[in-house]
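The sequence and structure come first.

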Amino acid sequence: MKIGILTYHYVPNFGANLQTLSTLEYLKNHGHNPIVINWQPKSVVKSYEGRVPIIQRNKHLEFLKHYIPMTEICISDDDIINEIKRNQIDAIIVGSDVVLRYTSWRSQFKIFQSRMPLRFIKRTYDVVFPNPFWLNFLTKTSELSKLPSALMSVSSMGSKYIEIPLRVKKMMFKQLKQFKFISVRDSWTREMVKAISLNMIDPKITPDPVFGFNQNVKNDCTRNEILNKYNLPEKYLVISFRNNYINTQWIKEFEILSEEANLKCVELAVPEGTLNLPLKHKIDIPLDPIDWYNIIRYSSGYIGQNMHPIVICIHNCVPFYSFDDYGGNTIAKSKNLAFSPSKIFDLLNHTSFTKNCFNVGAESFDRIDKKEILRIIKNFDFKRCKMVSNELEREYNNMMKKLLNRLEIS
């Protein structure tokens with residue numbers, strides 16, 4: 001079956017690239033012919049151009065050209081329709097990633113502590129409704145109106161779904177009913193879908209595709225190759241931040257403690273680059289997404305902010321500690337609830353690793369105990385992590401089997 005994938009494949013983001021590749025390779029390995037629908041909304045592309053240096057954006061483009069079969073670039077709904085027809089696509093999978101985000105028009109007005117406290121920042125096209133992730137464009141032509149589709153491990157990244165106008169909710173619900181299969185990546189998105197559908201749709205929470213990466217993707221790079229290529233010490237601890245939460249003195253003291261524990265700290269760049277932390281070892285951009293994956297995979301531990309490094313750590317049984325800044329102050333209250341606006345906390349809550357997490361928005365940075373973080377890394381429960389990793393891989397495989405079955409019987 002020729003399956004089109006609609007997701008954040010093109011953005012200069014390591015996790016987005018890897019989840020796309022994992023989905024593609026799973027479908028190939030199970031006899032299908034996948035192709036990514038190359039939708040690139042101009043507003044989103046422009047937002048990344050302002051944040052990620054061109055030398056790193058080029059690395060992501062090289063990755064796409066080498067690994068990802070794609071349609072021609074699509075800017076509009078009509079472009080997507082034409083590419084679906086031209087490539088004779090039989091079904092569409094939307095996701096994974098944060099493809100169900102929604103922000104209200106009020107969010108465009110931002111308050112800053114400056115001479116211009118109130119500013120208007122226009123929303124990007126991917127966070128308004130409708131947009132192509134919802135597949136409303138299929139109704140534009142009778143030829144595609146019955147094309148089977150699925151939402152796979154999708155996320156809304158803590159979107160304030162309570163603020164969605166009733167009129168928009170009704171349109172969203174109508175569109176959700178057109179999908180043959182729906183699963184979500186986190187509890188928050190599950191509650192959003194339930195709220196939109198008046199509890200008529202209660203999607204299952206399923207793993208991110210990167211939890212199937214090792215089985216799906218041929219990755220022959222060895223640990224020695226990574227150590228030699230990046231001149232890494234035998235036992236290294238990855239430190240990777242996109243915001244400067246930790247001060248110079250803190251990181252210097254932490255490096256001393258780590259070296260006493262026979263661990264060398266290495267700053268690993270995010271797509272925007274490094275923060276130039278005062279560490280002896282660092283890996284800066286440009287950086288290939290597969291190398292980025294393997295650097296974390298072969299490390300003795302990871303400390304940082306983003307979600308996909310945590311997925312990689314759990315998948316490969318690598319000790320980790322997360323500085324979670326998703327969800328803001330809401331997380332402090334959400335710890336007593338069944339769901340949280342933080343995708344990281346939600347994942348760690350489901351896998352019983354909440355002790356490996358510090359919420360930057362909910363707690364004072366001064367309370368972070370360097371020795372406690374190192375103790376958590378050194379005393380990591382590998383046996384339990386292996387069980388969790390195996391279970392998530394089973395859940396991922398079961399999800400993909402059900403999804404494909406729904407698409408094929410349609």
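How many disulfides does a search of the whole structure find?

## Cysteines

The search finds zero disulfides, a disulfide being a pair of cysteine sulfur atoms within 2.5 Å. This is a predicted model, in which local features need pLDDT of at least 70, side-chain atom pairs count only at pLDDT 80 or more, and totals for chains, interfaces and linings use all residues. Residues are numbered from 1 along each chain as its sequence is written, and side-chain values use heavy atoms, with hydrogens and water left out.

Cys-357 is in no disulfide: the nearest cysteine sulfur, in Cys-313, is 13 Å away. Cys-357 is buried, at 14% relative accessible area; buried means under 20%, exposed over 50% and partly exposed in between, with a 1.4 Å probe and protein chains only. For Cys-385, the closest cysteine sulfur is that of Cys-317, and the 3.9 Å between the two sulfurs is too far for a bond. Cys-385 is also buried, at 0%.

## Nonpolar cores

A nonpolar core is a set of buried Ala, Val, Leu, Ile, Met, Phe, Trp, Tyr and Cys residues joined through side-chain atoms within 4.5 Å. The largest has 109 residues, and Ile-84, Tyr-236 and Leu-403 are among those touching the most other members. Helix H15 (residues 382-409) gives the largest share, nine residues; helices are DSSP runs of H or I, at least four residues, numbered from the N terminus.

Apart from this core lies another, of 23 residues, including Phe-254 and Ile-373.

## Ser-258

Ser-258 sits in helix H9 (residues 248-260) and is buried, at 0% relative accessibility. Leaving out residues up to four places away in sequence, Ser-258 touches Leu-237, Leu-263, Cys-265 and Leu-374, where contact means heavy atoms within 4.5 Å.

Key:
Helices (H or I, at least four residues) and strands (E, at least two) are DSSP runs, numbered from the N terminus.
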